[in-house]
Amino acid sequence: MKYLDEFNDPVLAKSLFDEIRRITTQKWSIMEVCGGQTHAIIRNGIDQLLPDDVELIHGPGCPVCVTPLGVIDKALDIASRPDVIFCSFGDMLRVPGSSRDLFIVKSDGGDVRVVYSPLDAVNLAEQNPDKQVVFFAIGFETTAPANAMAVHMAKERGLDNFSVLVSHVLVPPAIEAIVGSPDNRVDGFLAAGHVCSIMGTWQYGPLVEKYNVPIVVTGFEPLDVLEGIRRVVAQLENGEAQLDNAYARVVSDQGNVPAQKMVEEVFEVCDRNWRGIGQIGVSGWRLAPAYRSFDAEYRFDVVDLDAPESELCRAGEVLQGRIKPNECEAFGNECTPRTPLGATMVSSEGACAAYYQYRRLTGTPVGI
Amino acid sequence: MCLAVPGQIVDVRDERGIRMATIDFDGISKDICLAYLPDIEVGDYAIVHVGFAISKIDEASALETLQMFRDLGILEEELDVTGGVS
């Protein structure tokens with residue numbers, strides 16, 4: 001077991017693997033919907049150390065990866081304008097748009113800046129009253145409270161040169177789109193701990209009941225992921241479907257209520273297009289009417305900009321668990337982290353990038 | 001993208017009506033916002049995502065997680081010395 005020594009507690013890791021092997025009597029497919037979990041699974045070889053009957057499917061858990069091409073093109077359009085300071089989290093800069101990325105815009109003279117926090121962008125707007133400062137507000141529920149606070153603060157400070165390009169997505173509707181699909185083959189889910197640290201666990205109960213599917217909330221550290229898998233397999237083998245929290249040191253049932261209140265004030269639920277997957281109903285947040293004047297799509301008149309996806313890139317099938325990354329013909333050939341065709345090869349949390357980094361260059365078809 | 005790094009609150013202050021703090025991530029200092037953890041105090045540990053404390057955490061768990069980031073050599077990356085949120 002070449003990977004076992006890399007767990008911070010190899011003895012506990014071995015006992016968890018042994019227990020999963022002991023209780024597994026049939027084939028189960030478990031999906032994680034968290035890029036951090038995907039990365040840990042591939043880095044630590046968790047998928048290879050599990051019994052053959054337990055298959056892990058890497059779901060759409062990386063918000064960088066599911067931001068649609070059309071939104072990337074909107075970002076590129078806005079960032080190219082001479083009066084704009086375009087601020088983004090760093091991992092969006094290499095995500096390819098239709099013809100270029102934010103790095104190229106920057107090297108062509110665009111003022112593109114990487115910020116640690118959306119509040120940094122608000123401060124930049126205050127310091128640069130003659131510029132339009134735009135923040136690229138992407139992310140799951142974990143990031144939304146920070147982005148909401150940035151918009152709220154800009155309004156409080158009366159900053160009319162600050163706006164946000166919003167592409168927020170929500171985890172529970174994505175899980176429902178997968179588990180409710182006629183060709184679903186996922187038996188149980190790992191839910192993302194940090195998403196739940198904001199939203200709590202209560203949103204997942206109705207999915208467990210409606211689809212009779214176990215959902216276990218867990219963290220992104222290898223032992224957390226492993227314990228989450230153990231709990232899902234145990235439920236499946238017992239014929240149970242329950243919502244379980246394996247990450248109670250961070251996640252409470254009710255979540256972070258002040259953060260939820262700020263999100264509710266600034267954002268409203270909307271339909272959202274997921275890159276590689278398509279439209280999912282009520283699966284995102286956009287600015288609520290009271291904050292619409294901070295919407296960069298309207299301010300820069302790019303609402304209708306759209307773009308078709310690459311025909312070569314099969315990221316959509318990867319994100320839905322239909323193929324493993326190394327089954328895509330472009331993987332490691334036309335598509336590498338240096339020359340990514342799709343976002344799953346860009347973000348360190350994308351399944352393709354994780355497979356590439358940890359040298360999973362060949363694989364067996366999952367046979368859907 | 002949704003990872004969060006634990007750190008210890010070093011000082012707390014009010015900046016234009018918003019509760020802010022200096023936090024120590026295993027030797028790296030950052031200014032963060034405490035608006036979503038109104039009851040947290042100096043000396044406590046919290047996990048922090050894109051400049052916001054989002055959940056209180058006990059010291060032992062915090063130190064264990066920080067050690068994992070150190071072992072993987074990604075603490076600076078997670079704290080955006082390179083600019084990522086992932």
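1. Let's begin where the two domains meet: 30 residues of domain 1 of chain A are in contact with 24 residues of domain 2 of chain A (contact means C-beta atoms, placed from the backbone, within 7 Å). On the domain 1 side, α2 (35–43), β2 (54–58), α4 (63–66) and α15 (315–319) of chain A each supply at least two residues, and α2(A) gives the most, with five residues. Helices (H or I, at least four residues) and strands (E, at least two) are DSSP runs, numbered from the N terminus.

2. A word on provenance. This is a predicted model, in which local features need pLDDT of at least 70 and side-chain atom pairs count only at pLDDT 80 or more, while totals for chains, interfaces and linings use all residues. Residues are numbered from 1 along each chain as its sequence is written, and chains are lettered from A and ligands numbered from 1 in the order in which they are written.

3. Domain 1 of chain A covers 7–297 + 307–316 and domain 2 covers 317–357, with bounds that come from an automatic or database domain assignment. Their C-alpha centres lie 17 Å apart.

4. Now the partner chain: 37 residues of chain A are in contact with 26 residues of chain B. On the chain A side, α10(A) gives the most, with four residues.

5. Finally, have a look at helix α5 (residues 69–79) of chain A. Nine of its 11 residues are buried, so α5 is largely enclosed by the rest of the structure (buried means 20 or more other C-beta atoms within 10 Å of the residue's own, with C-beta atoms placed from the backbone). The cover includes β3 (84–88) and α14 (296–299) of chain A.

Conventions: Buried ≥ 20, exposed ≤ 12 C-beta atoms within 10 Å, placed from the backbone.
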